[in-house]
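Please consult the sequence and the model shown below alongside the text.

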Amino acid sequence: MRYERIYVDLEKLKSIIKARGLRERDFCVLTWGEETHRTIKEFVRRPNITIETAMKICNTLDISLDELFSGSDKIGESPYIIGNQNIVNSAVFNQDQLSLMAENKALKMLIKEKDERIIDLKKVNGQLETMVDLLKLKGQNSDSKTSDS
């Protein structure tokens, strides 16, 4: 998904609010609560909104982020992202990370055990080759003794 804009388009927001049958003040109260003094003109003064604010707007208006930021499936440049105070820290992420680390450790132990087993098998293979060679020599010696008699 590619986005045409990186900021909220105030005119588009106004038209969506109007299409939902809301007044601007009703939208602000639904989004930020009864005691809010915020207005939608805040997006002109401070156009760089947080994900939390974007989600509140989308939930209030029952729209997707694509509608809010003019998303499209066109291939082009990726959207401009300002990473101010973006913290990815959730219990799910931490739990997944811990389980992946444990799985990685278990797989490394399995690889180490496999490598040790291969070394042991090579030693046994070498011993078997030596025994086979000895048996061949013994068989040749016994054949030569019987032919001499």
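The chain has an average pLDDT of 79, and 77% of the residues score at least 70. This is a predicted model, in which local features need pLDDT of at least 70 and side-chain atom pairs count only at pLDDT 80 or more, whereas totals for chains, interfaces and linings use all residues. Residues are numbered from 1 along each chain as its sequence is written, and side-chain values use heavy atoms, with hydrogens and water left out.

**Helix H1**

- Helices are DSSP runs (H or I, at least four residues), numbered from the N terminus.
- Within H1, which spans residues 10-19, the buried residues are Leu 10, Leu 13, Ile 16 and Ile 17; buried means under 20% relative accessible area, exposed over 50% and partly exposed in between, with a 1.4 Å probe and protein chains only.
- Viewed down the axis of H1, its buried residues fall within an arc of 125°, so they line one face of the helix; the arc is that of the directions from the helix axis to the C-beta atoms.
- Glu 11, Lys 18 and Ala 19 are exposed on the face of H1 turned away from its buried side.
- The cover over the buried residues of H1 includes helices H2 (24-32), H3 (42-45), H4 (51-61) and H5 (65-69).
- Gly 21 follows H1 and has a positive phi, near 80°.

**Nonpolar core**

- A nonpolar core is a set of buried Ala, Val, Leu, Ile, Met, Phe, Trp, Tyr and Cys residues joined through side-chain atoms within 4.5 Å.
- The largest such core has 18 residues, of which Leu 13, Phe 27, Ile 40, Phe 43, Ile 57, Leu 61 and Leu 68 touch the most other members.
- H1, H2, H4 and H5 are the elements that give two or more residues to this core.
- Leaving aside residues up to four places away in sequence, Leu 13 touches residues including Val 8, Phe 27 and Leu 68.

**Aromatic pair and cysteines**

- One aromatic pair is found in the whole structure; rings of Phe, Tyr and Trp (its six-membered ring) pair if their centres lie within 6.5 Å, and planes under 30 degrees apart count as stacked, over 60 as edge-to-face and the rest as tilted.
- Phe 27 and Trp 32 form this edge-to-face pair, at 6.0 Å centre to centre with 80° between the planes, and both residues are buried.
- The disulfide count is zero, a disulfide being a pair of cysteine sulfur atoms within 2.5 Å.
- Cys 28 is buried at a relative accessible area of 2%, and Cys 58 is buried at 5%.

How values were computed: Contact = heavy atoms within 4.5 Å. pLDDT = per-residue confidence, 0-100.
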